[in-house]
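Subject: Structure handover

Hello,

Here is the structure for you to look through. Please open it first, then read my notes below.

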Amino acid sequence: HLEVRATPGHTEGCVSFVSDDKKMVFTGDTLLIQGCGRTDFQGGSASTLYDSVHSQLFTLPNDCVVWPAHDYKGRFSSTIGNEKNTNPRLGGDKSK
């Protein structure tokens, strides 16, 4: 089973899917590996995306595997812990 979590920001309707055991999350274009989706689309919002990622995704266990919709460098997955610590747009000490 998958839990659906609203993760707007890239667009108003973005969602992420979390496995019941919280070991995997499918993030679409909300959270990418070392990045995030653009927010310049109609209904997109950088502030909303930041809130979505921090409240809905970065609260998952650090070892939860992140499966984004795509990656421009050929990578397939990451982890919540890695993205929280090193994502240049949303992780580390980044703030709104």
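K22 sits in the loop between β2 (15-19) and β3 (24-28). K22 has a positive phi of about 60 degrees, although K22 is not a glycine. Is K22 buried or exposed, or in between? K22 counts as partly exposed, because its relative accessibility is 30%. The cut-offs are these: buried is under 20% relative accessible area, exposed is over 50%, and partly exposed is in between (1.4 Å probe, protein chains only).

A word on the source. This is a predicted model, where local features need pLDDT of at least 70, side-chain atom pairs count only at pLDDT 80 or more, and totals for chains, interfaces and linings use all residues. Residues are numbered from 1 along each chain as its sequence is written, and side-chain values use heavy atoms, with hydrogens and water left out.

Now Q34. Q34 lies in the loop between β4 (31-32) and β5 (35-36). Q34 also has a positive phi of about 60 degrees and is not a glycine. With a relative accessible area of 26%, Q34 is partly exposed.

Next, the whole chain. The chain has 2 helices and 7 strands. From the N terminus on, the order is β-β-β-β-β-α-β-β-α. The C-alpha trace spans about 35 × 25 × 25 Å along its principal axes. The radius of gyration is 12 Å, which agrees with the value near 12 Å for a compact globule of 96 residues. That radius is taken over C-alpha atoms, and the globule rule is 2.2 Å times the number of residues to the power 0.38. Of the 96 residues, 36% count as buried.

Contacts come next; a contact means heavy atoms within 4.5 Å. Take the contacts between residues at least 6 apart in sequence: 55% of them join residues at least 24 apart.

V4 is in strand β1 (residues 2-6). Which residues does V4 contact, leaving aside neighbours within four places in sequence? They are V15, S16 and F17. V4 and V15 are 11 residues apart along the chain, and their C-alpha atoms are separated by 6.6 Å.

C64 is in the loop between α1 (46-57) and β6 (65-68). C64 counts as buried, because its relative accessibility is 0%. Not counting residues up to four places away in sequence, C64 touches K22, K23, M24, V25, S78, T79 and I80. C64 and S19 are 45 residues apart in sequence and 9.4 Å apart in space, C-alpha to C-alpha.

D40 lies in the loop between β5 and α1. D40 is exposed, with a relative accessible area of 56%. From D40 to R5 is 35 residues in sequence and 22 Å in space, C-alpha to C-alpha.

Last, the largest pocket. A pocket is an open set of points on a 1 Å grid over the protein atoms alone, where a 1.4 Å probe fits, with protein on both sides within 12 Å along at least five of seven lines; lining residues have an atom within 4 Å of a point. The largest pocket is lined by 16 residues. L32, C36, H70, Y72 and R89 lie nearest its centre.

Best wishes

Notes:
Helix = DSSP H or I, 4+ residues; strand = E, 2+ residues; numbered from the N terminus.
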